[in-house]
Amino acid sequence: GMCVPGSAVYLSKRNGEGKTSHSIELVRGAPSSFALVNPASSIGDTAIDNGVLVGAHPRLGELIAEEVLQHGLLKTALTLKNGFVIGPV
């Protein structure tokens, strides 16, 4: 969906950094499989009906992962072996 002409994109303006004046952050991809299978769902006209958001900028995923780790949101979901523990970031 990222290379389809006419896809909706979410941009951020760069402050003189990089080769372009703007950076693509997110792209609205194809509708989710839930919306395709359940077109008359009670969700209504929401983002899930209009397509999924796809991260187009690698830094976005890095920032999300950093927040998840800093808040310890994976401590109970991840079982580490050999006595390793998840520490502060």
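I began with serine 23 and listed its contacts (heavy atoms within 4.5 Å). Leaving aside neighbours within four places in sequence, serine 23 is in contact with Tyr10, Leu11, Ser12, Arg14 and His57. Serine 23 belongs to strand S2. With a relative accessibility of 5%, serine 23 counts as buried. For that label I used under 20% relative accessible area as buried, over 50% as exposed and partly exposed in between, with a 1.4 Å probe and protein chains only.

A note on provenance before going further: this is a predicted model, where local features need pLDDT of at least 70, side-chain atom pairs count only at pLDDT 80 or more, and totals for chains, interfaces and linings use all residues. Residues are numbered from 1 along each chain as its sequence is written, and side-chain values use heavy atoms, with hydrogens and water left out.

**Entry: the sheet**

Next I asked in what order the strands of the open sheet lie. The 3 strands run S1-S2-S3, with antiparallel pairing. Strands here are DSSP E runs of at least two residues, helices are H or I runs of at least four, and both are numbered from the N terminus. Two strands pair if DSSP finds at least two bridges between them. Strand S1 (9–13) and strand S3 (53–55) are the edge strands, each pairing on one side only. From one strand to the next, the twist averages 30 degrees; axes are lines fitted to C-alpha atoms, for helices over the stretch in contact, and angles run from 0 to 180 degrees between N-to-C directions. A reminder to myself: strands of a sheet pair through backbone hydrogen bonds, either parallel or antiparallel.

I then went through the bridges. S1 and S2 are joined by 5 bridges, and serine 12 has serine 23 in S2 as its bridge partner.

**Entry: arginine 28**

Is arginine 28 buried or exposed? Arginine 28 sits in strand S2 and counts as buried, because its relative accessibility is 15%. Its side chain makes a polar contact with the side chain of tyrosine 10 at 2.8 Å. Such a contact is a pair of N or O atoms within 3.5 Å; within protein, one must be able to donate a hydrogen and the other to accept it, and residues adjacent in sequence count only if both atoms are side-chain atoms.

I found valine 52 in the loop between helix H2 (47–50) and S3. Valine 52 counts as partly exposed, at 36% relative accessibility. Valine 52 and valine 27 lie 25 residues apart in sequence, and 8.2 Å apart in space from C-alpha to C-alpha.

Helix H3 (residues 58–70) has 13 residues and reaches 19 Å from its first C-alpha to its last, close to the 18 Å expected, where the expected span is 1.5 Å times one less than the number of residues. Just after H3, glycine 72 takes a positive phi of about 65 degrees.

**Entry: the whole chain**

Last, I zoomed out. The chain has 3 helices and 3 strands, in the pattern β-β-α-α-β-α along the sequence. Of its 89 residues, 9% count as buried. The chain exposes about 7,000 Å², with carbon and sulfur atoms supplying 61% of it.

Note on methods
Accessible areas come from the Shrake-Rupley method with a 1.4 Å probe; for residues, only the protein chains shown count as cover.
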